[in-house]
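Subject: Structure handover

Hello,

Here is the structure I said I would pass on.

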Amino acid sequence: MSEKARDIFVIATLVFVEFLVIILARDIYLNGLHIYTLGASSPNLTIPENYIVPVRIILEVDSMSIFMAIITATVSLAAAIYSLSFMKEETGGDRFYTLLLLLAAGMFGMELTGDLFNLFVFLEIASIAGAALTAFRTRFADAVEGGLKYIVISSAAALMVLFAIGILYAQYNLLNIGALAQVIQYTMLDKIALALLATAFTMKLAGVPMHMWAPDTYSVAPAGTTPMIYIASQACLYGLFRTCFTLYGVTLNTATIGWIVIIIGVLSMFVGVTMAVHQSDVKRLMAYHAISQSGYMLLGVGVGLAVLGNPEALASYGREAMSGGIFHIINNALYKGLLFLTAEALFFRLGTRDLNKMGGMCRNMKYTSIFFIIGALAISGIPPFNGFTSKLMIYESVYRFNPILSVIAMLVSIITLASFTKAFQAAFTGPALPQYKDVKEVPKPMLIGMGILTIIIIFFSLFPGLIVSSIVNPATDALINQATYINAVMGGL
Amino acid sequence: MTQGIPFNIPFLAVAVMIGIAFYIIISQRNLIKLVMGLSILASGVNLFLITLGYRKGGVAPIYTHTPAGIMVLPIPQALTLTSIVIAVACLALMLSMIIHIYRHTGSTDSEKSRIMKG
């Protein structure tokens, strides 16, 4: 098979997946959630005859799952297009694209499944593919080191998830999330299982204090795959939310667990951004910002979790805070993905990630610098970009929960702006350096990959109300309404 | 299901294995030993799943020449098989990465072979 045919096949597959996801999303927003029972005579036959519990693997797709799937499909497509020209200068392209598609498959599996063990399997698939992609350029010692750190953390986290699944199975003889949610008691063993699941997912999403692997891994992953590995950690964020809201729901002590999530979120925001300020490696800087931005999502959704048992507070600000946090997931996936791609464009042309050795690149790389400006303004929460909308939703609602948290969030946003101003000034402005006189703009596929994300960012910035009401609020309601998720499997039993 | 003392021995073994595994992962600096720790952790979790699937007097669900008795639901065994396969894939990937790290830095000591800090 020639290389061109392979490239076309990969891009066509991802375009087709994006198309399928959008069709499915439209159907879910119109008709409610979908279930698919694997191996059953009818997809809706969740409980086989002569059984009282669901034993088959069930895929369950609600508005929250499809929301994550939209993010995964879009970012994977942009990342794959971006990788096309990068792979022209590397060998082993077949394996690269196989791993890339495997990583996408792992993420989709995690997001669309309704079965805990299936979640574990796809978590491992995504981890193995992600680690192999990170260490893809084995000629660099740091790439292998980043890959090893990722796989060690991932397999330890995945085994903790499996142990928690074992504990839950031992008590209830169930693996299905909906069926478990119906009978879960919040006994001591359930608390241990929750602690294991939450720790494992926090480890994988690089929440402080378990964030040490993230800068090393994100900074060495090859072009295009950094956003995907970042989205894989967002899929683990989804796993955490699914565990807290759908699996345990109001049975757990929501105020305590909510506060734990909030504290991890605030720590991630603050530690991430303070570590980012003094970095001189452009991708490490962005990796620390990625940790910091995950903190906003944890903060927003954590506030929603803390007031989940209190319908009045939930209606007045909890739901708004959750929507802000969830909207931040998609915004962040877009602009953080774009920023990782621009950083990789600099590395592709200059051969260095050190900001101190760069300068004057806006003369040579016009489009890349425009993309960088848009991404930097969006991540810093400057109006009218989409980062501003989601951050404002978080500030407003969290202020009514606890004003200090809101103030910290704003402070972090200002430091983010300062840090990106420094990065932009170091890389793109200043006098032209003689050693980079002949540096050209990156090839077209890279520009198209970045362009796709930029166009979506601008669209989201222009119509934030439309996006929030059409895709974000349904996702929030899907997390809050545990009963809908259970009924789809158990059929109101 | 009887809850006698012999029944608890496998669970104690699980606890001991997971404890040893976490001790190795946290305390050891040699990368190969780190991978051994993860492997012991995987074995401990697998033993836990297999122990859960044990039912006194249960019969394995193999439909040819089945002895009389109640068949057990083979879900824990199926989970364990899947988990073993995944653990092998992880192990192979980790060891191959360590070979590359050794080639680059000449050491498998995590303090000496570390490049990225801060």
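This is a predicted model: local features need pLDDT of at least 70, side-chain atom pairs count only at pLDDT 80 or more; totals for chains, interfaces and linings use all residues.

Chain A and chain B

The contact between the two chains involves 25 residues of chain A and 26 residues of chain B. On the chain A side, the elements that give two or more residues are α4 (116-134) and α5 (141-172). The largest share comes from α5(A), with 16 residues. By residue class, the side of chain A that touches chain B holds 17 nonpolar, 4 polar and 4 charged residues.

Domains of chain A

Chain A is assigned two domains: domain 1 takes in 1-250 + 463-493, and domain 2 covers 253-460. Taken over C-alpha atoms, the centres of domain 1 of chain A and domain 2 of chain A are 22 Å apart. Their contact draws 41 residues from domain 1 and 49 residues from domain 2.

On the domain 1 side of that contact, four helices of chain A each supply at least two residues: α2 (63-87), α8 (213-220), α9 (225-248) and α18 (464-480). Here α2(A) gives the largest share, 10 residues. The side of domain 1 of chain A that touches domain 2 of chain A consists of 30 nonpolar and 11 polar residues, with no charged ones.

To put the two contacts together: the side of chain A that touches chain B includes 4 charged residues, whereas the side of domain 1 that touches domain 2 in chain A has no charged residues.

Regards

Technical notes: Residues are numbered from 1 along each chain as its sequence is written. Chains are lettered from A and ligands numbered from 1 in the order in which they are written. Two residues are in contact if their C-beta atoms, placed from the backbone, lie within 7 Å. Ala, Val, Leu, Ile, Met, Phe, Trp, Tyr, Cys and Pro count as nonpolar, Asp, Glu, Lys and Arg as charged, and the others, Gly among them, as polar. Domain bounds come from an automatic or database domain assignment.
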